[in-house]
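Biologist: I am new to this structure, and I would like to understand the words used for it before I rely on them. Could we go through them one at a time?

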Amino acid sequence: MSIATSTLEDIRAKVESRERISNDDALWIWKNASDTELQQLASQVRARFHQPGTCTYMVMRIINYTNVCVAQCDYCAFYKLPGQEGGYVLTHDDVFAKLDDLLALGGDLAGFNGGFNPHLPLDYYCEIFAAIRARYGDTLEFYALTIAEFMYLADHAKLDYAAAAERFKQSGVRWITGGGSEILTEDFRRRHSKFKYTVAQYFEAQKAIVESGLNTSATMVIGFDETIAERIEHLDRTRQFQDETGGLVSFLCWTFKPYFTQIGGIEITTQEYLRHLALSRIYLDN
């Protein structure tokens, strides 16, 4: 038996016995396992939670309530600085029209995503989320903010994270997603989003969200210039946070779109994306 086969069999045995794989295991299977072998291991994990061969879909809409942002991340092609031509803020009626369109298409989930807009006070968000809950009740659910936006708003309002979370709960919010994480290593954030929050601050805010009783999720974006070691560090921090809190409901990962961004680059392949999803399934055992 070759060393490679022996290593693969060791990792397969861990997966079958529901034993946690290590960071070294994750790095090894990323570098050495074939697409088929990764798929098989990931499918074993998936079968613990879902019937094999069966999947479900939802219709969701992302509503960008503003594109004004001062974070200046070099991977963003969306933002406008305050006072720059093309900046906007949606009114309540604008948001309602988009939600009505979503319901007409059979959707029942909306996500709000904007940026660090210094001209929008906390009351803007509380009022619009309260209005949505009053108008639609339980007909649809919404992801109110990303964690990064939540942190900016709390700081802007001079509130600690616990107090800010309580304000949103009182406004009918049930979800604040893990958005704004991208790659959770300090080196990545220094390279690309120096005006965003540190990894430690991100998890401090997310812990306060969990402790408030709000729902939250883990997110990840791949395909910048991050190394596989940085990807595994992100997964490791996520797994540790879940060990500590049990507060993450789901993990969502998507790919960086380099078009019209300062950083530029080439979008990663579908094959690499699917390999990463498989690795994430195997690694995030909790």
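Biologist: Why is Lys158 counted as exposed?

Modeller: Exposed is the word for a relative accessible area over 50%, while buried is under 20% and partly exposed is in between, with a 1.4 Å probe and protein chains only. Lys158 has 76% relative accessibility, and therefore it counts as exposed. Bear in mind that this is a predicted model, in which local features need pLDDT of at least 70 and side-chain atom pairs count only at pLDDT 80 or more, whereas totals for chains, interfaces and linings use all residues. Residues are numbered from 1 along each chain as its sequence is written, and side-chain values use heavy atoms, with hydrogens and water left out.

Biologist: Where is the place of Lys158, in terms of helices?

Modeller: Lys158 is found in the loop that runs between helix H6 (147–156) and helix H7 (161–170), where helices are DSSP runs (H or I) of at least four residues and strands are DSSP runs (E) of at least two, numbered from the N terminus. Its phi is near 60°, a positive value in a residue other than glycine.

Biologist: What makes Arg18 exposed?

Modeller: The relative accessible area of Arg18 is 59%, so this residue is exposed. Arg18 sits in the loop between helix H1 (3–16) and helix H2 (23–32), and although it is not a glycine, it has a positive phi of about 60°.

Biologist: Why is Tyr88 called partly exposed?

Modeller: Tyr88 has 30% relative accessibility, and so it counts as partly exposed. Tyr88 lies in the loop between strand E1 (60–63) and helix H4 (92–104), and, leaving aside residues up to four places away in sequence, it touches Asn64, Tyr65, Thr66, Asn67, Val68 and Phe78, contact being heavy atoms within 4.5 Å.

Biologist: Which residues line the second largest cavity, and how are they classed?

Modeller: A cavity is a set of points, on a 1 Å grid over the protein atoms alone, where a 1.4 Å probe fits but cannot get out, and lining residues have an atom within 4 Å of a point. The second largest cavity is lined by Tyr65, Phe112, Tyr124, Tyr125, Ile128 and Phe129. Tyr, Phe and Ile are among the residues that count as nonpolar, while Asp, Glu, Lys and Arg count as charged and those in neither group as polar, so the lining has six nonpolar, no polar and no charged residues.

Technical notes: On a 1 Å grid over the protein atoms alone, a cavity is a set of points where a 1.4 Å probe fits but cannot get out, and a pocket is an open set with protein on both sides within 12 Å along at least five of seven lines; lining residues have an atom within 4 Å of a point.
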